[in-house]
Amino acid sequence: MNLTAATRLAGVVGNPISHSLSPILHNAWLEAAGLDGAYLAFGLAPGRFRAFVDGLRGGTLAGINVTLPFKTEALAAADRVSARAHAAGAANVLVFGPDGSVSADNTDGEGLLYAFARQAPGFRPDSGPLVLYGAGGAARGAVAAFLEAGCPEVRLLNRTRARAEDLAARFGDRVRALNTTDPDALSGAAALVNASSAGLGPDAPPPPDFSGAPTTAVAMDMTYRPLRTPFLKAAAARGLRTVDGLDMLIGQAIPAFTAFFGQPPPAAADVRGRVLRLLGEAP
Ligand code: ATR
């Protein structure tokens, strides 16, 4: 690495931030592309987000990725908001214009569909209902992305049904909340996506019963630690195709890199293999 005063800078902001894989991805791409750029991680105390962003106005950094817990604040801090960030109710990308402006985007939905395209070739989000586990911020982004891609119906299954009802009400007719015990919840499903943040420890809820899902359904888990989650293992045991969360992380980073550094990341750079080795997972 050869940093100079001309080096183009970007980074990721969150709390906690030390486990973020974004610097690994972006710096690997920068190196492979031979670009004079660097990508850093910023751990920010709660309450400091707005001041941090305002201090960067004018282009000290080309842009930042935003992760938990600042994604909603990121939307509020921006002067311009893309349609998809508005629909997701959150931003994971802020770009700083030379005029002092801040533009917000959300590339998480693009990352989700990228993961399906990579690991379940031929899958079409418009081919049938999406069954979505969870009703928080991650779930909201997934609903927005699938509706935008033509998904005919989204069924929300959440521990707290009222929260799923609230989320459904934001989106209109194609989205509804179901009881987690509804025997027909999975019938005819094209996709089953886990957007719940339930931990994976001994107190974690058991994976869903996938016996009511068609064997053509594709199951995806946004979690990538570990890569093969209990959710994906249960889906595979049912004979379903599975998609892991690591390609969603990579898929959301591709358009962010393009926005920060002015060109798409080099396709030849094997960032997935690099991250898998880092996580101690077999490629
Ligand atoms: P995120 O922004 O990651 O989506 P969030 O907005 O806090 O985080 O949402 C977390 C989601 O995971 C919620 O749907 C939550 O269910 P509740 O609405 O019932 O809280 C779900 N979740 C978290 N822990 C869970 C658990 N142990 N069992 C089932 N669902 C859980």
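Student: Which of the 13 residues around the ligand come nearest?

Tutor: Keep in mind that this is a predicted model. Of the 13 residues around the ligand, the nearest are Ala135, Asn158, Arg159, Thr160 and Ser197. Let's take some of these one by one. Ala135 uses its backbone: a polar atom there sits 2.8 Å from an oxygen atom of the ligand. With Asn158 the side chain takes part, and an N or O atom in it is 2.7 Å from a ligand oxygen. Arg159 also comes in with its side chain, placing a polar atom 2.9 Å from an oxygen atom of the ligand. As for cover, the ligand taken alone exposes 640 Å², and the protein buries 73% of that. Sort the shell around the ligand by class and you get seven polar, four nonpolar and two charged residues.

Now for the nonpolar packing. The largest nonpolar core has 30 residues, and those that touch the most other members are Phe116, Leu132, Val154, Leu156 and Met220. Helices H5 (108-119), H6 (137-148) and H7 (161-171) each give two or more residues to this core, and so do strands E7 (130-133), E8 (154-157), E9 (175-178), E10 (191-194) and E11 (218-221). H6 gives the largest share, five residues. For a view from inside, pick Leu156: setting aside neighbours within four places in sequence, Leu156 is in contact with Leu132, Gly134, Val143, Ala164, Leu167, Ala168, Val175, Arg176, Ala177 and Leu178. There is another core apart from this one, with 25 residues, including Ala10, Val12, Trp29 and Leu276.

One more residue deserves a stop, and that's Asn65, in strand E3 (residues 63-66). Asn65 counts as buried because its relative accessibility is 3%, and the cut-off for buried is under 20%. Its side chain has polar partners, though. One is the side chain of Tyr39, joined to that of Asn65 by a polar contact of 2.7 Å. Another is the side chain of His26, with a polar contact at 3.5 Å. Leaving out neighbours within four places in sequence, the contacts of Asn65 take in Gly11, Val12, Val13, His26, Tyr39, Asn92, Val93, Gln252, Ala256 and Phe260. You've met Val12 already, as one of the residues in the 25-residue core.

Key:
Residues are numbered from 1 along each chain as its sequence is written. This is a predicted model: local features need pLDDT of at least 70, side-chain atom pairs count only at pLDDT 80 or more; totals for chains, interfaces and linings use all residues. Side-chain values use heavy atoms; hydrogens and water are left out. A residue is near a molecule or strand if one of its heavy atoms lies within 4 Å of it. A polar contact is a pair of N or O atoms within 3.5 Å; within protein, one must be able to donate a hydrogen and the other to accept it, and residues adjacent in sequence count only if both atoms are side-chain atoms. Accessible areas come from the Shrake-Rupley method with a 1.4 Å probe; for residues, only the protein chains shown count as cover. Ala, Val, Leu, Ile, Met, Phe, Trp, Tyr, Cys and Pro count as nonpolar, Asp, Glu, Lys and Arg as charged, and the others, Gly among them, as polar. A nonpolar core is a set of buried Ala, Val, Leu, Ile, Met, Phe, Trp, Tyr and Cys residues joined through side-chain atoms within 4.5 Å. Buried means under 20% relative accessible area, exposed over 50%, partly exposed in between (1.4 Å probe, protein chains only). Helices (H or I, at least four residues) and strands (E, at least two) are DSSP runs, numbered from the N terminus. Contact means heavy atoms within 4.5 Å.
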